[in-house]
Amino acid sequence: MNLTEFLNVKTNYLGIGIRTILFTGLIILLFLIEIIAFFLLYGSGEGSSRIAQLWYVDLIINYFPMLIVGGISIYSIIQQYRKQEHVNFKTNLIVLSIVLFLFLTRNQLEHLIF
């Protein structure tokens, strides 16, 4: 499939909106679960602050939710492309790009909102 064929495929805008909201909500839920699990495991003392400063803990807490949601979305994109369902393929690809953009700009969006 080349770019002109991709652009001519029908776009499911309702599906894009619903999936974007669902995936964004899933990312927020995973962030909350990670924060609660970290607090329940390590508490709020000096030891937990040392653990939180480790590079791999920071990597897990900040990027693991997007890795999970991105993996689910990429798996769905690959499956739709193999089945030649181009409308769903395009919808999932657009949703992944929107969610990835929102995830990468989350700090700037946080400063604008709050």
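Predicted model: local features only at pLDDT ≥ 70, side-chain atom pairs only at ≥ 80, totals over all residues.
Reader: What makes a residue part of the lining of a pocket?

Author: A lining residue has an atom within 4 Å of a point of the pocket, which is an open set on a 1 Å grid over the protein atoms alone, where a 1.4 Å probe fits and protein lies on both sides within 12 Å along at least five of seven lines. For the second largest pocket, the lining consists of Glu 34, Ala 37, Phe 38, Leu 41, Tyr 56, Val 57, Ile 60 and Ile 61. The volume of this pocket is about 150 Å³, a volume being the space filled by probe spheres set on the grid points.

Reader: Why is Phe 38 called buried?

Author: Buried means under 20% relative accessible area, exposed means over 50%, and partly exposed lies in between (1.4 Å probe, protein chains only). Phe 38 has 18% relative accessibility, so it counts as buried. This residue lies in helix α2, whose buried residues also include Ile 16, Phe 23 and Leu 30. Leu 30 has a relative accessible area of 18%, and therefore it is buried too.

Reader: How do you know that the span of helix α2 agrees with its number of residues?

Author: The expected span of a helix is 1.5 Å times one less than its number of residues. Helix α2 (residues 13-42) has 30 residues and should span 44 Å; its end C-alpha atoms are 43 Å apart, so the two values agree. In α5, 19 residues reach 27 Å from the first C-alpha to the last, close to the 27 Å expected.

Reader: Why is Ile 94 called partly exposed?

Author: The relative accessible area of Ile 94 is 24%, and therefore this residue is partly exposed. Ile 94 is found in helix α5, and its C-alpha atom is separated by 9.4 Å from that of Thr 11, 83 residues apart along the chain.

Reader: What makes Arg 50 and Glu 46 a salt bridge?

Author: A salt bridge is a side-chain nitrogen of Lys or Arg within 4 Å of a carboxyl oxygen of Asp or Glu. The closest N and O atoms of Arg 50 and Glu 46 are 2.3 Å apart, and the pair forms a salt bridge. By this rule the count is one salt bridge. Both residues lie in helix α3 (residues 46-52), four residues apart, about one turn of the helix, and both are exposed.

Reader: Which residues form a nonpolar patch on the surface?

Author: Leu 54, Trp 55, Tyr 56, Leu 59, Ile 60, Tyr 63, Phe 64 and Leu 67 form the patch, with about 860 Å² of accessible area together. Patches are made of residues with over 30% relative accessible area and no salt bridge; nonpolar side chains (Val, Leu, Ile, Met, Phe, Trp, Tyr) are joined within 5 Å, and like charges within 9 Å. Areas come from the Shrake-Rupley method with a 1.4 Å probe. One member, Leu 59, lies in helix α4 (residues 55-82) and has 45% relative accessibility, so it counts as partly exposed.

Note on methods: Residues numbered from 1 in each chain as written. Heavy atoms only, no water. Helix = DSSP H or I, 4+ residues; strand = E, 2+ residues; numbered from the N terminus.
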